[in-house]
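Please read the points below alongside the coordinates. They cover sheets, helix packing and some backbone details.

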Amino acid sequence: MGTALIYDEEMTNYKLLWVDPACKIEVPERLTVSYEALVKSGLADRCVSLPVREATDADILLVHSEEYLEAVKKTPYMTLEDLMDFCSQYGDVYFHPNIYHCAKLAAGSALQLVDSVMMGKVRNGMALVRPPGHHSMRNAASGFCVFNNVAIAAQYAKQKYAVERILIVDWDIHHGQGVQDCFEDDPRVLYFSWHRYEHQKFWPNLRDSDFDRVGNEKGAGFNVNVPWNKVGMKNSDYLSVFCHLFLPVAYEFCPDLVLVCAGFDSAIGDPEGEMCATPDIFAHLTHLLMNLAGGKLCAVLEGGYNLTSLPQSVCQTVQTLLGDPAPRPANLDGPCLSALESLHCVRSAHKKYWSCLKHAADLPTCEVSTKRNKVGEEEINEEQSKQEPVWRECPKTLPPDISAAALLPDDGICPERCYSLKSSEDLDPSIVNKLKEHILKDTEDCETLSTLSRLTVLIDKMEKNEIGSGLALVKDISKAVICVVQHAAAAPMNRVLVVYVGDGVVPFHTNEDGKTLVVQFTTQKSEEIQSKYLIPVCLQKDYSDIPGFIQATLSLLLPLGYEYDPSLVVVVQTSGCGLSHNVWQQLIGLLRGLAQGHTLVLMQEDQNAYVGPTASSLLGDPAPPLGPLEAPLPENVESTEKLRLRLKADWNFLLTTGNVK
Ligand SMILES: CC(O)(O)NCCCCNCCCN
Ligand SMILES: [Zn+2]
């Protein structure tokens, strides 16, 4: 199934007609530069183009009041003075004779996305719209927003498709207070928002945007606010919030539909956000959400005012929705102290609502962030020169011709859409000899020799990005792992992340050069940690604790993987670990965000049943939902937490609190 793209130039036909410094950044060019970038990069042609439609009165009344709608209906006939007068009752928003029409198209575009995703016409999609929506309230326009496009889409999905649980992720740099207000007491809609806050000094300056606003009554716990109390937040800060807060809660909630308030003013260069995250981060944020709700994801444009970073961010988002692997994230150096403080406060505010956060440390002195922060951090010197930030545009990486290759025993059936690496591949005799002397020693086991040499061919093709990912059923897992790791780690710049699922001794030792990082999910109690590059994640009872496994994957394996930034990810399933296909697919799907999607899965040759599910995830198909998650086994939480606390000295991404002692 494809990716929908909704855009209509009619939504560029309104603009600011007078002088208003607060509104001048919201210009029609925002849409044109974004759409043109999609066309120029060839991404638009790969999407299913859907027409816009006008939201009806009934659609709009799902969120807004009649009096507000009636008032907006009058604006097309207003004089300039009347328009200016009409706006003065609202904050930071302007009207235009054509904005009502465009606002109906913007909201209608979001409904078009919901319809086409819910009816299975497309897997996911993006709507490029203006005016944006997430600030508009039941009775008021606000922050360039007239109708709350995403809130209307959520109510519409509940009403028309009886969707039980909807996740709204708002990565715009402003707090979508209109969305929060709409769903504050609604447990069926989980709202995530991060936003520039600076202890309430930043617009919209609301006390209600702080981390302790968790929702009301039945909706308590279903509103998650992450205030950024400093500018300059980077990719690491955003990924930390995803790994340690948004994803664990989202997986526990298990939404049937994901809506994204896709504002790109959280990217570098934006005059509003003044953050430092680069456009490629949106490929990762999108990717990390794509294994939820069976991949049903609707992204609706909100803000984004830098006409250079906005189109780049839009392209990163759309190419990921299309299934292209995310680019390797540049220099992730871990979250900053201010971000950790915010993360810590939000986790402690929500620990009573979400079992995945139950172990989160309390922060007794966690006053609301409107107080000056206690750590006496040096104030960002205000006169910090406002030099224009510059960033390297992410190099255009075309997806590999072959997305996934399968290396199976000759009688193995190659899954469809997979390329079969037959033993007929011309084998490089030098490699064969090297294998013979290094790994096979003298045994003339030519079958293994053939398998291992084909593996090295596969790795070389992945390195050249001719092949995206691979799966192999092998007779001797240990020999295969040694061969793969040695061959892959040989190249100077290469780093190999080896994810071991199942017991058994890791058949090679990781030396401290950091060329390999092994994370092993095992049921065996682990003694002391030998090295920061060999990490045993001990889970009781043969992985039957799915919440525990997912928790360890999201809050341990993923952060480690992002910080390590491997060039290849090898996933090894040793003795039948008994992991359910769905969990296995979630693991493979999530890991695909690393190493530009270069994932190599090695399994025992009797694990035929996993070939189909593995291939599906390697090809970028969304993993099936796991269902709402119960609490993880306490002993698994304890052992994972203990491990995290021990490792955080070596790995910044494992930090979740400000007190780094
Ligand atoms: C959709 C959105 O979230 O991007 N709207 C942002 C509204 C910002 C209003 N304040 C502007 C002050 C000028 N410096
Ligand atoms: Zn914004």
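Predicted model: local features only at pLDDT ≥ 70, side-chain atom pairs only at ≥ 80, totals over all residues.

1. Two strands are taken as paired if DSSP finds at least two bridges between them. On that criterion, strand S7 (residues 257-262) and strand S8 (residues 297-301) are a pair: five bridges join them, and they run parallel.

2. S7 and S8 belong to an open sheet of eight strands with parallel pairing, in the order S2-S1-S3-S8-S7-S4-S5-S6. Its edge strands are strand S2 (48-50) and strand S6 (223-228), each of which pairs on one side only. From one strand to the next, the twist averages 15°.

3. Strand S1 deserves a separate comment. S1 pairs with S3 in the parallel sense over five bridges, and three bridges join S1 to S2, again in parallel. Isoleucine 6 takes part on both sides: its bridge partner in S3 is alanine 127, while in S2 it stands opposite leucine 50. Four of the five residues of S1 are buried, so the strand is largely enclosed by the rest of the structure.

4. Helix H7 (residues 149-161) lies across strand S4 (166-170), strand S5 (189-196), S7 and S8, and runs at about 170° to S7. Helix H11 (residues 309-321) lies across strand S1 (2-6), strand S3 (122-127) and S8, at about 170° to S3.

5. Another open sheet of eight strands, also with parallel pairing, has the order S10-S9-S11-S16-S15-S12-S13-S14. Strand S10 (419-420) and strand S14 (534-538) are the edge strands, pairing on one side only. Within this sheet, strand S9 (residues 402-407) is joined to strand S11 (residues 467-474) by five bridges, and the two run parallel. Isoleucine 402 stands opposite isoleucine 467 in S11.

6. Helices H16 and H17 lie across strands of the sheet in point 5. Helix H16 (residues 546-564) covers strand S12 (496-501), strand S13 (516-522) and S14, running at about 175° to S13. Helix H17 (residues 581-591) lies across S12, strand S15 (568-573) and strand S16 (599-604), at about 165° to S15.

7. How do H16 and H17 pack, parallel or antiparallel? Their axes come within 11 Å and cross at roughly 10°. Angles under 35 degrees count as roughly parallel, and H16 and H17 are therefore roughly parallel to each other. Ile546, Phe549, Ile550, Thr553, Leu554, Leu557 and Leu558 in H16 meet Val583, Gln586, Leu587, Leu590 and Leu591 in H17. By class, the residues of this contact divide into 10 nonpolar, two polar and no charged.

8. The pair H13 and H14 has another geometry. The axes of helix H13 (residues 429-440) and helix H14 (residues 446-463) come within 10 Å and cross at roughly 120°, which makes H13 oblique to H14. The crossing is right-handed. From H13, Ile431, Val432, Leu435, Lys436, Ile439 and Leu440 meet Thr448, Leu449, Leu452, Ser453, Thr456 and Asp460 of H14. The contact of H13 with H14 divides into seven nonpolar, three polar and two charged residues.

9. Leucine 111, in helix H6 (residues 99-118), counts as buried because its relative accessibility is 0%. Apart from neighbours within four places in sequence, leucine 111 is in contact with Arg53, Ala55, Asp59, Ile152, Ala153 and Tyr156.

10. Most residues other than glycine have a negative phi, and most peptide bonds are trans. The bond from arginine 130 to proline 131 is cis, with omega near 5°; proline 131 sits in the loop between S3 and H7. Tryptophan 203 to proline 204 is also a cis peptide bond, with omega near 5°, and proline 204 lies in the loop between S5 and S6.

11. The loop between S5 and S6 also holds glutamate 198 and glutamine 200. Phi is positive in each, near 50° for glutamate 198 and near 75° for glutamine 200. Glutamate 198 counts as buried at 16% relative accessibility, whereas glutamine 200, at 25%, counts as partly exposed.

Conventions. Residues numbered from 1 in each chain as written. Chains lettered and ligands numbered in written order. Heavy atoms only, no water. Contact = heavy atoms within 4.5 Å. Axes fitted to C-alpha atoms, helices over the stretch in contact; angles between N-to-C directions. Parallel < 35°, antiparallel > 145°, perpendicular 65-115°, else oblique. Left-handed = near helix turned anticlockwise from the far one by under 90°. Nonpolar A, V, L, I, M, F, W, Y, C, P; charged D, E, K, R; others polar. Buried < 20%, exposed > 50% of the residue type's maximum accessible area, 1.4 Å probe, protein only.
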